[in-house]
Amino acid sequence: MGYLGQMLKLDKENDEDAGNYFVGLINQSKNEKFRLLDNMIHNIKHG
Amino acid sequence: MLIFNKLSGDDLRQDVLVLQMLKIMDKMWIDSNLDLKIVAYKVLPTGMKEGFIEFVRASVIDKLQQNEGVSGALDRELLLKHLRNMGIDPKSQGLRYNPDNQIFNFVRSLAGFCVATCILGIGDRHPGNVMVKDNGIFFHIDYGHFLGNFKYKFGIKRERAPFLLTPDMAHVYSKKGLEEDFKNYCKKAFNILRKNASRLMNLFIIMSTAGINNIFIN
């Protein structure tokens, strides 16, 4: 299926399941704390 | 307007490929009546590690954060304040942009780039690689890492989330009560790409013989 196929979740049977899966990714991304620390380090380094 | 890039030494063919994929995704979305205000600037490689990149007038988000000091990355109001400031003409103090349109542009373009960068596995995402135009349109730049080829720093994988969505970005749609709209744009965009999966995959298969790093047929 390849990388794109995996990312597009072609194994999900319907749009609702796929949509709910993506909402899970939104929550995961929004709550990622390491990213904030990484951004602060980036800003100190480049600021 | 064009600028010449030789400093980073990136293989600009990879940027061209990602930007072409973005344009194709945008067309799929527009054909399904979903305008996510995608910015896909022009890139023209002229050699192995040099070429021209279209200049797009916009603010880099790390500069906005750095203007606020060390804690700028933690300021949830930052983007909303920036959009508000950019919406006002400094001379006349009148409105340059309708604030509702700015937020509308931001939320739609953010949704589009969340979906596109997730599917294409764009790596090295930090505030220096995302920009926002004065009219609210948000976009990513520098596509040197893609298809899940993520960067490591001190042995730690930098990309721990599927895509870049920081609290200051989420605050723009949350504060305006547009969280459900944002999610719906993402869900709709994701499902449109799923329906066109074979077209997207075939384009990568065609490019797999071009010798660009990270592309292989799996």
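Helices (H or I, at least four residues) and strands (E, at least two) are runs assigned by DSSP and numbered from the N terminus. Chain A, read along its sequence, follows the pattern α-α-α, which comes to three helices and zero strands.

The model is predicted, so local features need pLDDT of at least 70 and side-chain atom pairs count only at pLDDT 80 or more, while totals for chains, interfaces and linings use all residues. Residues are numbered from 1 along each chain as its sequence is written, and chains are lettered from A and ligands numbered from 1 in the order in which they are written. The term pLDDT is the predictor's confidence in each residue, from 0 to 100. Chain B has a mean pLDDT of 87, and 89% of its residues reach 70 or more. The scores of the model are ipTM 0.87 and pTM 0.90. Where pLDDT is low, predicted coordinates should not be read in detail.

Along the principal axes, the C-alpha atoms of chain A fill a box of roughly 45 × 20 × 10 Å. A residue is buried if 20 or more other C-beta atoms, placed from the backbone, lie within 10 Å of its own, exposed if 12 or fewer do, and partly exposed in between. Of the 47 residues of chain A, 30% count as buried.

Two residues are in contact if their C-beta atoms, placed from the backbone, lie within 7 Å. By this rule, 35 residues of chain B are in contact with 29 residues of chain A. On the side of chain B that touches chain A, two or more residues each come from α2 (61-67), α4 (99-119), α6 (179-195) and α7 (197-207) of chain B. The largest share, seven residues, comes from α6(B). Ala, Val, Leu, Ile, Met, Phe, Trp, Tyr, Cys and Pro count as nonpolar, Asp, Glu, Lys and Arg as charged, and the others, Gly among them, as polar. This side of chain B has 19 nonpolar, 10 polar and six charged residues.

**The core**

A nonpolar core is a set of buried Ala, Val, Leu, Ile, Met, Phe, Trp, Tyr and Cys residues joined through C-beta atoms within 7 Å. The largest one has 62 residues, and B:Ala111 and B:Cys186 are among those with the most contacts inside it. Its largest share, 11 residues, comes from α4(B).

B:Ala111 lies in helix α4 of chain B. Why does B:Ala111 count as buried? There are 28 other C-beta atoms within 10 Å of B:Ala111. Not counting residues up to four places away in sequence, B:Ala111 touches B:Leu36, B:Phe182, B:Tyr185, B:Cys186 and B:Ala189. With the neighbours within four places left aside, B:Cys186 is in contact with residues including A:Phe22 and A:Ile26.
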